[in-house]
Amino acid sequence: MTGEKPVVELAVPADAGELARLEAACFAAPRSEAALLAELTQPERYLLVTAKGGGALWGYAGLEYVLDEGYITDVAVFPEFRRRGAARMLLAELERRGRMLGLSFLTLEVRPSNAAALALYQGEGYREAGRRRGFYTAPREDALLLTKQLHQEKTGG
């Protein structure tokens, strides 16, 4: 299993329970299985993609979108599968799907103390666009807003 690469695919409603387990392992304020299931049943507003290898869920990422704006809601990978390329693959898939949807940009929030996530996002072309003071709790911390442009605005002539 050491050389195994995950496969990234669209999440399905049957994944909701495992996604909730992953959220509980990764986040201080995880969403419930019911909340995740609600997202999975609204593909016109949400995309959830999973990384799976050897029958196991490695991680997932979520994207909420409206008009031409994309907001990455989560990127989560089980600790035992980190540093194997799953998060990078998930981001690439969201970017690919975002381009297909005609999104202008993707944006996300991250704790300034999360050095590994910051390095990943910056390495994938996300740039700081702002800060939300005191956004996170447990512990209290700001959120950095990072954005990646997908489509440049056309200038008229």
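Predicted model: local features only at pLDDT ≥ 70, side-chain atom pairs only at ≥ 80, totals over all residues.
Seven strands form an open sheet with mixed pairing. Their order is S1-S2-S3-S4-S5-S7-S6. Which strands stand at the edges? They are S1, residues 7-10, and S6, residues 127-136. Each has a single partner strand, so one side of each is left without a neighbour in the sheet. Neighbouring strands are turned against each other by 25 degrees on average, direction ignored. Strands of a sheet pair through backbone hydrogen bonds, and the pairing is either parallel or antiparallel.

S1 and S2 run antiparallel and are joined by four bridges. Within this pair, Glu9 has Thr50 in S2 as its bridge partner. S2 covers residues 46-53. Of its eight residues, seven are buried, and the strand is mostly covered.

The next step is from S2 to S3. S3 spans residues 56-66. S2 and S3 are antiparallel, with eight bridges between them. Is Gly55 buried or exposed? Its relative accessible area is 82%. Exposed means over 50%, so Gly55 counts as exposed.

Now move on to S4, residues 69-77. S3 and S4 run antiparallel, joined by eight bridges. Here Tyr60 has Ala76 in S4 as its bridge partner. These strands form a hairpin with two residues between them. Leu67 in the turn has a positive phi, about 50 degrees. How many of the nine residues of S4 are buried? Seven are, so S4 is largely enclosed by the rest of the structure.

S4 and S5, residues 105-110, pair in the parallel sense over three bridges. Glu69 stands opposite Phe105 in S5.

Arg97 lies in helix H3, residues 86-100. Its relative accessible area is 19%. Buried means under 20%, so Arg97 counts as buried. Leaving aside residues up to four places away in sequence, Arg97 touches Leu10, Leu47 and Val49.

Finally, turn to the helix pair. Two packed helices are described by the angle between their axes and the distance between the axes. The pair here is H1, residues 16-26, and H2, residues 33-40. Their axes come within 8 Å and cross at roughly 125 degrees. That makes H1 oblique to H2. The crossing of H1 past H2 is right-handed. Which residues meet? H1 brings Ala16, Gly17, Leu19, Ala20 and Glu23. H2 answers with Glu33, Leu36, Leu37 and Leu40. The residues of this contact divide into six nonpolar, one polar and two charged.

How values were computed
Residues numbered from 1 in each chain as written. Heavy atoms only, no water. Axes fitted to C-alpha atoms, helices over the stretch in contact; angles between N-to-C directions. Parallel < 35°, antiparallel > 145°, perpendicular 65-115°, else oblique. Left-handed = near helix turned anticlockwise from the far one by under 90°. Contact = heavy atoms within 4.5 Å. Nonpolar A, V, L, I, M, F, W, Y, C, P; charged D, E, K, R; others polar. Pairing = 2+ DSSP bridges. Buried < 20%, exposed > 50% of the residue type's maximum accessible area, 1.4 Å probe, protein only.
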